[in-house]
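Biologist: I am new to this one and would like to learn how to read it. Could you walk me through it, a feature at a time?

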Amino acid sequence: MRDDANVDLKVGLTVLIGLALLLMGIIWAKGNPFAGVHNTLHATFPTAGGIGAGDPVFIRGIEHGKVTAINSPPGKDVDIVMDIDQQLLLHDDAHAEIMMLELMSGKKVEIDEGKSGPVNPKKDTVEGHYYGDISTLVAILNSLSGSLPTIVRNMDTVLGNLTDFFGHGKFKEKAYGAIDDADQTLKDLRAVLSENRESLKNTISQADVLTRELNSTIITMRPGAQALLDSMRTFIRGAGRTLSGADTLLGSLNDMMAASKDKKSLLYRLTNDKEMANRFDSLLINGHKLIEQIRMQGVDANIRFFNSTTPAK
C-alpha cells in the first residue's frame, strides 16, 4: 500500500509540474509581463471608449501587448497604460486609436508609429483618438429616433408646398415661356451669324493684316528708337557731369564766401577795404593805358647780353 501511495504521489507531482510548465509556456508565448523585456507606454484619450484592462494592443495589425491600467483623473484626459513586448521607435506624429476587436464585442488599442519627425526611443506618451464604433452610431440613431417622425412630417409638408407652387398659378407658364424665349433668342443669334458670316470673315482678315503691318512697323522703327534711346542716355550722362561740375563750382564759391569773413582774405579786402580797392582800380587803369600804348607805339627793347662793371657813358 505504501508503494502505491508513493507512486500516486510521484504521478501527481509530475502532472502538477507539467501543468505549471505548460502554463508558464502559454504565458510567455502571449507576452505576459513576467516574460522578456517589456516597455510601458501611455496614451491620453478624451474618453476610454469601453476599453478595459487586459484588452490587446496592436502595432501595424500585430498584437504586441496588453492594456494594464486605466487612469481617469478629474477634469483631465483618460490615461491608458499599456505594456508592450518590444522597444518602440516612435516618431513625433505617433498616435493611438481605440477600435473594435470584433464586429459586436471587444476593444483594442491600435498604435501607429508615425512617419514624420525624428525617432525618439524614449517617447513614452502618445496622443490618442477615439472616433466611435457601431455602438456610438446606434446611440446617435437612438437619440434621433424621437425626432425622425417630426422631420419626416416636415419634409412631407415642404414637398407638398413645392408641388402646389409649381403645379398651380402662372409660374409654370412663365417658366415655359422663358425657355421658349431663350430658344428663340438662340435661333435669332444663329441666323444673324449666318447672315453676317462673310462680313465677320473680312473683319477678322483685316484685323490680321493690320496686326502684321503694325508688327512690321515696330520692327522697322526699332533701330531708330534704339539710337534715340542711346542719344538720350548720352545726354543724361553729360547733364549729370555738368550738374556735378556746377555743384563743385558752387562749393568753391561757398568756400570763398565763407573765407571772406576773414578780414585778411583778398576777397574781403577787395570788397571792404577802400584803399585796397583804389589801388586795384589804379592798377587796372594803368595796365589798360600800358596795353593801349604798346598797341599804338610798339615796344622799344634795349637788351644787354653781357654785364659790365664799367657804366656806359
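Biologist: Which residue lies over the face of Phe58?

Modeller: A charge counts as sitting over a ring if NZ of Lys or CZ of Arg is within 6 Å of the ring centre and within 35 degrees of the ring normal. Here Lys108 lies over the face of Phe58, at 4.9 Å from the ring centre. Before we go on, this is a predicted model: local features need pLDDT of at least 70, side-chain atom pairs count only at pLDDT 80 or more, and totals for chains, interfaces and linings use all residues. Residues are numbered from 1 along each chain as its sequence is written, and side-chain values use heavy atoms, with hydrogens and water left out.

Biologist: How many aromatic pairs does the structure hold?

Modeller: A pair of aromatic rings is described by the distance of the centres and the angle of the planes. Rings of Phe, Tyr and Trp (its six-membered ring) pair if their centres lie within 6.5 Å; planes under 30 degrees apart are stacked, over 60 edge-to-face, and the rest tilted. By that rule the structure holds 0 aromatic pairs.

Biologist: What pattern does the protein follow along the sequence?

Modeller: Helices (H or I, at least four residues) and strands (E, at least two) are DSSP runs, numbered from the N terminus. The protein has 7 helices and 7 strands, and they come in the order α-β-β-β-β-β-β-β-α-α-α-α-α-α.

Biologist: What share of the residues is buried?

Modeller: Buried means under 20% relative accessible area, exposed over 50%, and partly exposed in between (1.4 Å probe, protein chains only). Of the 313 residues in the protein, 15% are buried.

Biologist: Which residues touch the most other members of the largest nonpolar core?

Modeller: Such a core is a set of buried Ala, Val, Leu, Ile, Met, Phe, Trp, Tyr and Cys residues joined through side-chain atoms within 4.5 Å. The largest one has 20 residues, and Leu41, Ile80, Met82, Ile84, Val109 and Ile111 touch the most other members. At least two core residues come from each of β1 (39-45), β2 (56-59), β4 (78-84), β5 and β6 (107-112). The largest share, 4 residues, is supplied by β4. Leaving aside neighbours within four places in sequence, Met82 is in contact (heavy atoms within 4.5 Å) with residues including Leu41, Val57, Val109 and Ile111.

Biologist: How many salt bridges are there?

Modeller: Side chains of opposite charge can pair when their charged atoms come close. The rule asks for a side-chain nitrogen of Lys or Arg within 4 Å of a carboxyl oxygen of Asp or Glu, and the count comes to 6. One of them joins Arg60 and Glu113 (2.7 Å, N to O). This pair links distant parts of the chain, 53 residues apart: Arg60 is in the loop between β2 and β3 (62-71), and Glu113 in the loop between β6 and β7 (125-129). Arg60 is exposed, at 67% relative accessible area, whereas Glu113 is buried at 15%. Glu110 and Lys108 also meet in a salt bridge (3.8 Å, N to O).

Biologist: How far from Glu97 is the nearest side chain of opposite charge?

Modeller: For charges, Lys and Arg count as positive and Asp and Glu as negative, while His and the chain ends are not counted. Glu97, in strand β5 (residues 95-100), is buried yet has no salt bridge, and the nearest side chain of opposite charge, Lys108, is 9.2 Å away.
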